Amino acid sequence: MANKNDSETKNSTAKPKIVTAKNASPKTWPDFDASSKQTKKLQTRHYSYVDLKDILPETVVDVYGVVKFFKLPQKTRGTDYRQVISIIDPSFYGTNKLTCLLFARDEVSLPPVKIGSIVRFHRLRIGLHNGELQGMKASGFSWLVFDGNAHGPLIQKASTTNYTFCDVDREKIKHLQEWIKVQEDLKSNEQSHCLEKIVPGEYFNLVCQVVSVCLIEENVCLLLQVWDGTCPNYKICNVETGAKDFDMRTNQELLEKASDYIYDICLFDDHVKKAGNIQPGTFVKLYNLHAAKYKNEENSEGVSVSETLELVLHRGSSYGRGMKVLLNSDPEACTLRGKLQQISQRPEKRPRHSSPPSRQSTETREPQPGCSTDNVSRFQSKESSRKGDFSSASKIPCLTGSQPEVLSNPVSDSSNPTQQTSLSNYCMISTISVIDGHHNTQFSKILDIIECKHPSKFRLLTRVLDYFPQIDASPNFIKLYCPQCHYNVGSDKEKYKRFFLPNNFVKGPKCPECQASKKTAPYLQYIFKLKLLLTDSLGYMIANLWKEDAVKFFDGLTPQMVLNDQDAYNHLLDFLHLMCPSKRVLSQRPMMECCIKSYSNAESSSICYQLFDTILVK
């Protein structure tokens, strides 16, 4: 719980009211001894900061921490922005971290951090999900960002101009800065490559200057032509912009200076809108940029004498992916600016690597991490040997045996089933998800999964036809679950309704089943539990999604967050709409790459399927 002095009152900065005594001259000032004492008292107040190792669930705390991981702010489908920040301190590091999920009405209201930044959070609410601590903003939440480098500016940014800062804070920051110096992982994670150091297939951070901007397709693909004064040791694919009347914004003077060092980078989907207003000459930092191996129709087997790469910023914010516009005063921008000025003054320049024949812009599509074209080619060859039809409603399984009406009757499009997963125009597939590992596993079809022996694990390319239970005023697929006997109950039971009320930050009850059997009864845990109806145009299957696999699927959102934070609830709705947009015909719904495992249900003697190691991205 917060200490009694944790509210920062307005009168700490307000001027005392001037009062004129009845018989005094109007120019006479009153005695302000009392006001001075009050001001002095407010100046000496202090906060009690908790080490991360001592944090307890269901509390509101004030903490200092060092940023170990972060995601750049991302726009939700609503009006908010969302940011994920993981922090550590000398008492809580290594494999430990406190992940904080922050929402704000605008991007500038979120902390502008990088790996190694020091943050101060006041009134951070702590939740617990499956043994992992989660941080969220409580009422009156505020933050400060400090430079992890002792030679940098002390306070870089604050959420409010009315904040306290005293000798205790200076000592905390000094201590953390000294600790950061010996933490190698806090240095390497933020390290940026130059283009000449990239290797095929890697993900890296890049600081560069934008020379030209070209919108290839609205809300789908944006082309940035950039330079950093170096040339890669591999050929880089160019995007063909001459075939169509594209709107190319270019700084001609900069184009002449950088002509031998310009390379194309494609930004996809959610990054397009953010980068659309960038002007030539801007310095930017790209996080988790992918040096993807380029494959064209003449080289579909991936065999080439000289490796060719394409630079791609995939959709979503997984692994910290995103783009940041650097201020002119940013140290990285200043360093690169000086380097580029020196290069542009040289009498001769190094010739760039020649690029392969430029591919048409209509072929430009986002490759996802781990989605290799070898697997896609095998997928296509199997696709052409079978036929399927979504119009056969009798073949669609019901999500619940007793409630066939739960299907939302999505509009089907059976005119050309094979066209729904046609990949012939793309070098790689654009999906709404990424998988955590298993990238060397070949794609399977649903019919193959159903026919295969269990237990087994599979990699699947699919669309979500429906999900159950459908969400209403509150997420009715949040359950209370016993990790010991697997008893679970939802908000439909009158006895437990109070545990599912919004902003009711309470611990679940003890398991009644374990109590009845006179076992040691654990507290029930909040979990997500839902079913997805999946299809790949050849078959249908129901996959369960629950517990920690569901939290990973929703990119770290926990049931407690959804119940206690309206912004988190709205973000969950965004994910559900992204996954299953009910107003779209099936062929226009997004593709989802996922991992599926089969297992035997001991109670019903049936084969079940569960989705795992899959993350939705936006």
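Trainee: So what does the accessible surface of the chain come to?

Mentor: About 30200 Å², and 49% of that belongs to carbon and sulfur atoms. Keep in mind that this is a predicted model.

Trainee: Okay, and how many helices and strands are there in the chain?

Mentor: You'll find 12 helices and 26 strands.

Trainee: What share of the residues counts as buried?

Mentor: Of the 618 residues in the chain, 49% are buried.

Trainee: And the contacts, what percentage join residues at least 24 apart?

Mentor: If you take contacts between residues at least 6 apart in sequence, 72% of them join residues at least 24 apart.

Trainee: Switching to packing. Which residues have the most contacts inside the largest nonpolar core?

Mentor: Phe528, Phe554 and Met579, in a core of 53 residues. Helix α12 gives the most to this core, with 7 residues. At least three residues come from each of two domains, domain 1 (59-186) and domain 3 (433-616).

Trainee: What is Phe554 in contact with, leaving aside its neighbours within four places in sequence?

Mentor: Arg82, Phe528, Leu530, Leu572, Phe575, Leu576 and Leu616.

Trainee: And what does the second, separate core include?

Mentor: That core has 40 residues, among them Ala104, Ile118, Leu144 and Trp179.

Trainee: Back to α12. How many residues does that helix have, and how far does it reach?

Mentor: α12 covers residues 566-579, so to speak 14 residues, and spans 20 Å from its first C-alpha to its last. That is close to the 20 Å expected at 1.5 Å a residue.

Trainee: Why is α12 described as largely enclosed?

Mentor: Because 10 of its 14 residues are buried, the rest of the structure largely encloses it. The buried ones include Leu572, Phe575 and Leu576, which also turn up among the contacts of Phe554. Asp567, His571 and Asp574 are on the buried list too.

Trainee: What happens at the start of α12?

Mentor: A side-chain oxygen of Asp565 comes to within 2.8 Å of the backbone nitrogen of Asp567.

Trainee: Last one, Ser433. Where is it, and is it buried or exposed?

Mentor: Ser433 sits in strand β17, residues 433-435. Ser433 is buried, with a relative accessible area of 0%.

Trainee: Which backbone oxygen lies 2.6 Å from a polar atom of the Ser433 side chain?

Mentor: The one of Glu593.

Conventions: Residues are numbered from 1 along each chain as its sequence is written. This is a predicted model: local features need pLDDT of at least 70, side-chain atom pairs count only at pLDDT 80 or more; totals for chains, interfaces and linings use all residues. Side-chain values use heavy atoms; hydrogens and water are left out. Helices (H or I, at least four residues) and strands (E, at least two) are DSSP runs, numbered from the N terminus. The expected span of a helix is 1.5 Å times one less than its number of residues. Buried means under 20% relative accessible area, exposed over 50%, partly exposed in between (1.4 Å probe, protein chains only). A polar contact is a pair of N or O atoms within 3.5 Å; within protein, one must be able to donate a hydrogen and the other to accept it, and residues adjacent in sequence count only if both atoms are side-chain atoms. Contact means heavy atoms within 4.5 Å. Accessible areas come from the Shrake-Rupley method with a 1.4 Å probe; for residues, only the protein chains shown count as cover. A nonpolar core is a set of buried Ala, Val, Leu, Ile, Met, Phe, Trp, Tyr and Cys residues joined through side-chain atoms within 4.5 Å. Domain bounds come from an automatic or database domain assignment.
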